[in-house]
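Please look over the following model with attention to its strand pairing and its charged side chains. A briefing on both topics follows.

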Amino acid sequence: MLSTAYSPWFILLCLAVGAGYAALLYSARAPWSRAVNYTLAALRFVVVSFLCFLLLSPFVKTTTTRTEAPTVVLAVDNSQSIPLFTPGPALGQLTAGLPQLATTLRAKGFRVETRTLTKAITAPDSVRFSANRTDLNKLLTDSREANAERNLAGVVLVSDGIVNQGQEPQFSEFNFPIFSVALGDTIPKKDLRLTDLVYNRVAFSGNKFPLEAEIGYEGYAGGTATVEVREGGRVLESRRLALPNGRRRVRATFQLTAPAPGKRRYEVRVLPQAGEFTALNNSRTAFIEIVKGKLRVLLAGAAPHPDLKALRAAILANNNFDLTLAVASVGQPLPATASFDVAVLHQLPARGGLGQELLARVRAAKVPVLYVLSAQSDYNAYNQLNAGLNVQPRGTQTDEVIPLPNPGFGRLPLDEESRRRLAQYPPVPVPFGELWLSGGAEAALWQQVGRLPTQKPLLVFGGAAGASPRAATLLAENTWQWRLEEAIAHDDRPEAYDRLISRTLQLLTQNANKKRLDVYPSQDVFGTQDDVTLGAETYNAVFERIYDQKITLTLTDSARRARTVTFANAADGSPLHLGPLPAGLYRYQAHATLGGQAQQASGELLVQNQPLEAQESKADHRLLAQLSRRSGGQLYYPSQLDKLAQDLAAKNFKPVLSSEEDLKDLINLKWLFFTLVALLGAEWATRKYQGGV
């Protein structure tokens with residue numbers, strides 16, 4: 001459709017201009033015939049009229065109509081529990097019937113998409129049941145989001161209903177019908193299983209520490225089971241437990257003695273018995289770090305403040321810390337014999353010299369310090385401490401910010417759940433002004449103002465190189481609101497806040513002499529299906545970060561098998577990816593040449609076997625029926641796939657028609673330009689041939 005914003009009178013004016021121009025040019029006598037003269041006048045009339053018309057900015061409007069077929073997503077639970085607990089005939093019916101279901105639905109006009117717990121795939125016959133955990137809520141949510149712009153008719157959920165990760169799907173709202181295909185077996189298998197291990201990840205050398213095991217059982221009620229604790233193939237303790245009738249779980253607590261410092265691997269195993277369905281879920285591994293003693297922490301404040309209570313609670317949540325609290329001019333003064341390994345100074349140094357005695361004690365002890373700054377802090381005195389951050393506030397102005405993790409700072413690992421919780425924290429005030437980092441300092445957290453992420457530091461690790469104590473600075477007041485908000489939202493478990501504080505103190509106290517090469521795991525413990533990643537940092541002679549340095553790393557497992565890789569630490573902070581590794585304790589040795597000097601770093605990483613899919617053998621068809629009933633779908637079994645296809649066709653899902661308009665300026669059409677050039681060329685060639693040029 002050709003359109004212009006002007007009235008027909010302008011088009012008539014264009015025609016008049018073209019006619020006048022042609023009449024003026026070809027009204028005089030010419031050396032060619034009258035027919036040729038009329039033809040030349042017509043060409044000039046067309047060209048000039050159309051050029052005038054183009055000055056009116058005409059455009060072409062095209063309308064494209066598309067038909068969107070209804071989409072059916074085959075959402076397949078491809079977890080390991082499906083082949084493990086689903087009867088063979090039912091599993092055979094599914095694997096044979098699922099591709100046929102997809103073919104039938106396509107023949108009936110549906111668009112069919114196949115998705116699994118791990119990825120979207122192209123064909124249902126390529127499904128492999130290998131996922132080591134089941135998150136049905138994520139599977140359904142991903143199906144919805146991937147088809148947000150499509151005509152989603154419904155989702156066929158193929159599952160046994162067992163969920164061991166993520167949110168329970170019955171508590172989510174889905175705006176599409178769910179047609180469930182029930183797998184698995186609702187009759188419990190005869191089985192013994194180790195369902196849980198409860199232990200502290202840190203124990204102190206020479207002390208007793210508890211290791212609590214929870215044993216689940218089906219079909220063995222009234223009998224007994226033997227549970228062993230092993231280390232390196234050696235049985236440390238064995239216990240025979242009664243399995244009472246009327247119960248499904250019992251607990252056993254072992255009291256072990258912590259050996260010399262280091263990371264230890266303890267295997268807890270329930271000995272298999274006759275007739276047991278599977279032994280895959282009979283053992284679990286506990287990795288415990290044995291340390292010399294508790295870390296002594298001094299929490300000192302210039303004045304009473306709610307932040308002190310939040311910091312105190314976060315520190316005491318870690319059994320590896322012993323806490324001493326001191327507030328200037330409140331209560332008993334700090335004893336002269338008090339000693340500590342790290343200090344947390346709230347509002348110190350303070351205005352008016354408040355708390356100078358506490359500050360002097362900390363500086364004399366030469367221990368690492370976490371400074372928590374607020375409106376009462378003396379920023380000029382703080383800037384002279386060479387803590388890695390310089391603060392020049394503009395009067396009393398503040399910004400309201402929330403924490404934003406710096407992805408380039410790998411020594412403060414935060415899992416996805418912790419990142420999500422940090423993003424939900426309420427804003428707290430920080431001083432508004434000039435902030436800059438001194439040499440060697442790094443920001444672990446940035447400030448986010450509203451929805452605007454910034455690169456203004458919020459949590460900084462820094463300090464002078466050499467013998468000076470390490471220092472960190474948290475530039476925020478009223479962080480007690482963070483802990484309180486998280487506790488309210490997560491059943492009184494503010495784990496992200498507590499982990500942030502304890503990890504900060506651990507970073508301050510470990511490796512007190514700063515190394516020029518630092519290689520470390522990106523998380524405390526990896527699963528056997530996780531991608532094992534290592535971060536690496538390199539420094540020059542004055543402890544400034546440098547990048548793209550060649551590093552050679554040798555990884556050795558418990559059987560002394562070695563694997564060597566060479567990589568470079570990128571400026572974007574991307575880690576070294578080792579891929580999934582078998583369960584066990586691994587040691588690594590890294591070497592690099594920095595500024596002509598050989599540097600090395602070593603450490604350990606833990607990979608833990610998590611047999612989640614073998615923990616529950618009883619399928620939950622009630623969950624699948626509830627999902628289908630609430631969403632307007634229905635529950636089916638593998639033998640009913642043909643009926644499922646018929647029912648979907650009977651729903652009479654309609655295709656969606658959508659139209660799209662495209663406006664294109666006529667002057668931008670290339671063929672039009674060449675047409676005008678051709679007409680002008682034809683006129684010129686005719687005049688020249690007739691002797692008029």
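Q589 has S602 in β33 as its bridge partner, and 11 bridges join strand β32 (residues 584-594) to strand β33 (residues 597-608), the two running antiparallel. Strands here are DSSP runs of E with at least two residues, helices are runs of H or I with at least four residues, and both are numbered from the N terminus; two strands pair if DSSP finds at least two bridges between them. This is a predicted model, in which local features need pLDDT of at least 70 and side-chain atom pairs count only at pLDDT 80 or more, while totals for chains, interfaces and linings use all residues. Residues are numbered from 1 along each chain as its sequence is written, and side-chain values use heavy atoms, with hydrogens and water left out.

**The sheet**
- An open sheet of 5 strands has the order β26-β33-β32-β29-β30, with mixed pairing.
- Because β26 (525-527) and β30 (562-568) each have a single partner strand, they stand at the edges, and one side of each is left without a neighbour in the sheet.

**Salt bridges**
- The whole structure holds 28 salt bridges (a side-chain nitrogen of Lys or Arg within 4 Å of a carboxyl oxygen of Asp or Glu).
- R44 forms a salt bridge with E683, their closest N and O atoms being 2.8 Å apart.
- R44 lies in helix α2 (residues 34-54) and E683 in helix α14 (residues 670-689), so this pair ties together parts that are 639 residues apart in sequence.
- E212, E214, R249 and R251 are linked in a network of salt bridges.
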